Amino acid sequence: MNLWIWLLLACVLAYAWKLVGYFVPAKLLKDPRTSRIAGTMTIGLLASLTIVNTVASGQTLAADARLGALAAAAVALAFRAPFLVVVVVGAGAAALLRLIGWN
Amino acid sequence: MKLLASPAVRVGISISIATGLYGISFGALSVTSGLDFWQTMALSLLLFSGGSQFAFIGVVAGGGSGIAAMSAATLLGMRNGIYGMQLNALLHPTGWRRYVAAQVTIDESTATSSGQTDPDEQRRGFWTAGIGIYILWNLFTAVGALAGSGLGDPGQWGLDGAAVAAFLALLWPRLKGREPAAIAVVCALATVVAVPFVPAGVPILIAAVVAALIGWFSHGRSDEGLEPDVDPYHPHHGRRDRSNNTRRDNQVDAHLDKQGDGHGQTGQAGT
């Protein structure tokens with residue numbers, strides 16, 4: 001139940017961001033710094049989420065099959081594979097590595 | 001069908017299918033990271049912003065708290081405010097349309113709209129992509145969630161690897177040039193260093209603070225990182241080329257300037 005509260009709050013805040021753009025005078029948001037921070041934060045958060053999901057297990061760091069998934073996904077992306085293909089390649093690499101014994 | 005003769009509508013439909021389909025991976029990953037079916041659907045129906053949705057379940061999957069998941073999703077949603085401002089300048093929606101437009105304001109609907117030059121086409125592109133993705137994204141989220149809940153052990157299927165791949169694929173199109181790559185590396189390092197010392201989920205927020213500081217103190221392109229996951233004008237090509245970007249920015253600027261409220265600053269970028 002606790003998760004529901006944070007989940008719904010996240011939904012409200014996401015909608016609030018979207019509305020802000022339509023209702024706040026353009027002048028305020030036109031400061032290039034605002035849009036720059038929105039951009040650098042997007043990159044930073046996605047990079048962080050990528051690495052956390054690759055090497056973190058709770059509060060410990062681990063090198064396991066997920067590293068193989070990261071490498072395989074990078075190769076797929078370098079070959080300009082569409083999103084779903086990249087995701088399937090990532091899953092396949094992790095599953096395969098586990099099958100041959102690398103946790 | 002006169003509507004189908006519109007290039008923006010055609011682009012909007014194809015981007016809807018491409019983006020909507022990967023709702024399958026969101027739905028499947030969401031239920032395997034511990035959310036139930038309706039929590040998964042609530043994210044797609046109400047939050048409706050792919051990156052933020054993946055962020056929310058990514059933090060939960062890593063054992064992070066609800067508040068950390070909410071914070072990561074919310075920080076990642078900031079760019080939708082910038083898109084709202086751009087779209088408001090392009091389309092001037094009024095009355096109830098504003099509230100609907102806001103909900104479907106995401107990377108892809110913004111890119112579809114701002115890639116067009118004719119105001120009517122911009123409007124059609126936005127609504128076709130926005131509504132189309134909304135419907136298909138939710139439909140395929142449900143499909144993925146139902147399929148995912150029958151999978152058993154997610155590790156055996158490599159679903160944790162799928163999450164890694166999904167985040168990398170969301171990041172990838174935003175890494176054009178040395179600067180965004182450097183930001184990504186610095187934030188990834190900050191994350192890894194923080195993992196052993198703070199509760200799960202918090203390292204992601206630390207990385208967000210690092211990224212915000214970089215954005216505040218450095219002077220680079222002001223549209224860095226603001227790219228769609230699936231580019232409507234170069235489908236299947238991870239990267240958007242610079243000339244396209246420049247056109248999009250100048251155009252938004254031209255519209256802002258027409259309103260007489262200042263200089264075209266968003267467009268310094270890319271030129």
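Two residues are in contact here if their C-beta atoms, placed from the backbone, lie within 7 Å. By that rule A165(B) touches A69(A), A73(A), V86(A), V87(A), V89(A) and G90(A), leaving aside residues up to four places away in sequence. The model is predicted, with an ipTM of 0.92 and a pTM of 0.79.

**Confidence**

- Chain A has an average pLDDT of 90, and 95% of its residues score at least 70.
- Within chain A, helix α4 (residues 65-78) has the highest mean pLDDT of the elements, 96, while helix α2 (residues 26-30) has the lowest, 68.
- Chain B has a mean pLDDT of 83, with 86% of its residues at 70 or more.
- Among the elements of chain B, α3(B) has the highest mean pLDDT (97) and helix α13 (residues 242-258) the lowest (41).
- Over residues 236-271 of chain B, pLDDT stays under 50; the model has 68 contacts beyond four places in sequence for this stretch.
- Where pLDDT is low, the predicted coordinates should not be read in detail.

**Contact between the chains**

- On the chain B side 99 residues are in contact with 71 residues of chain A.
- Helix α10 (residues 159-171) of chain B gives the most to the side of chain B that touches chain A, contributing 13 residues.
- By class, that side of chain B consists of 57 nonpolar, 34 polar and eight charged residues.
- The largest nonpolar core has 115 residues. Those with the most contacts inside this core are L45(A) and A73(A) from chain A, and A72(B), A165(B) and A169(B) from chain B.
- A73(A) is also one of the residues that A165(B) touches.
- In soluble globular proteins, nonpolar side chains tend to be buried together.

**Make-up of chain B**

- Chain B has 13 helices and zero strands.
- Of its 271 residues, 60% count as buried.
- Among the contacts in chain B with a separation of 6 or more, 73% are between residues 24 or more positions apart.
- Helix α8 (residues 107-114) of chain B is largely enclosed by the rest of the structure, because eight of its eight residues are buried.
- The buried residues of α8(B) are D107(B), E108(B), S109(B), T110(B), A111(B), T112(B), S113(B) and S114(B).

**Packing of α4(B) on α10(B)**

- Two packed helices are described by the angle between their axes and the distance between the axes.
- For α4(B) and α10(B) the angle is about 145° and the axes are 11 Å apart.
- Their crossing is left-handed.
- From α4(B), the residues in this contact are G51(B), F54(B), G58(B) and A61(B); they meet A163(B), A166(B), F167(B) and L170(B) in α10(B).
- By class, the contact of α4(B) with α10(B) has six nonpolar, two polar and no charged residues.
- An α-helix has 3.6 residues a turn, so residues three or four places apart point the same way.

**F48(B)**

- F48(B) lies in the loop between α3 (37-47) and α4 (50-61) of chain B.
- The phi angle of F48(B) is near 40°, a positive value in a residue other than glycine.
- F48(B) is buried, because it has 24 other C-beta atoms within 10 Å and the cut-off for burial is 20 or more.
- Not counting residues up to four places away in sequence, F48(B) touches Q103(B), I106(B) and Y134(B).
- F48(B) and V230(B) are 182 residues apart in sequence, and their C-alpha atoms are 15 Å apart in space.

- R80(A) is in the loop between α4 and α5 (83-99) of chain A.
- R80(A) is not a glycine, although its phi is positive at about 60°.
- R80(A) counts as partly exposed, because it has 15 C-beta neighbours inside 10 Å.
- I5(A) belongs to helix α1 (residues 2-23) of chain A.
- I5(A) counts as exposed, because it has 12 C-beta neighbours inside 10 Å and the cut-off for exposure is 12 or fewer.
- I5(A) and V89(A) are 84 residues apart along the chain, and 34 Å separates their C-alpha atoms.

Methods:
Residues numbered from 1 in each chain as written. Chains lettered and ligands numbered in written order. Predicted model: local features only at pLDDT ≥ 70, side-chain atom pairs only at ≥ 80, totals over all residues. Helix = DSSP H or I, 4+ residues; strand = E, 2+ residues; numbered from the N terminus. Nonpolar A, V, L, I, M, F, W, Y, C, P; charged D, E, K, R; others polar. Axes fitted to C-alpha atoms, helices over the stretch in contact; angles between N-to-C directions. Left-handed = near helix turned anticlockwise from the far one by under 90°. Core = buried A, V, L, I, M, F, W, Y, C linked by C-beta atoms within 7 Å. pLDDT = per-residue confidence, 0-100.
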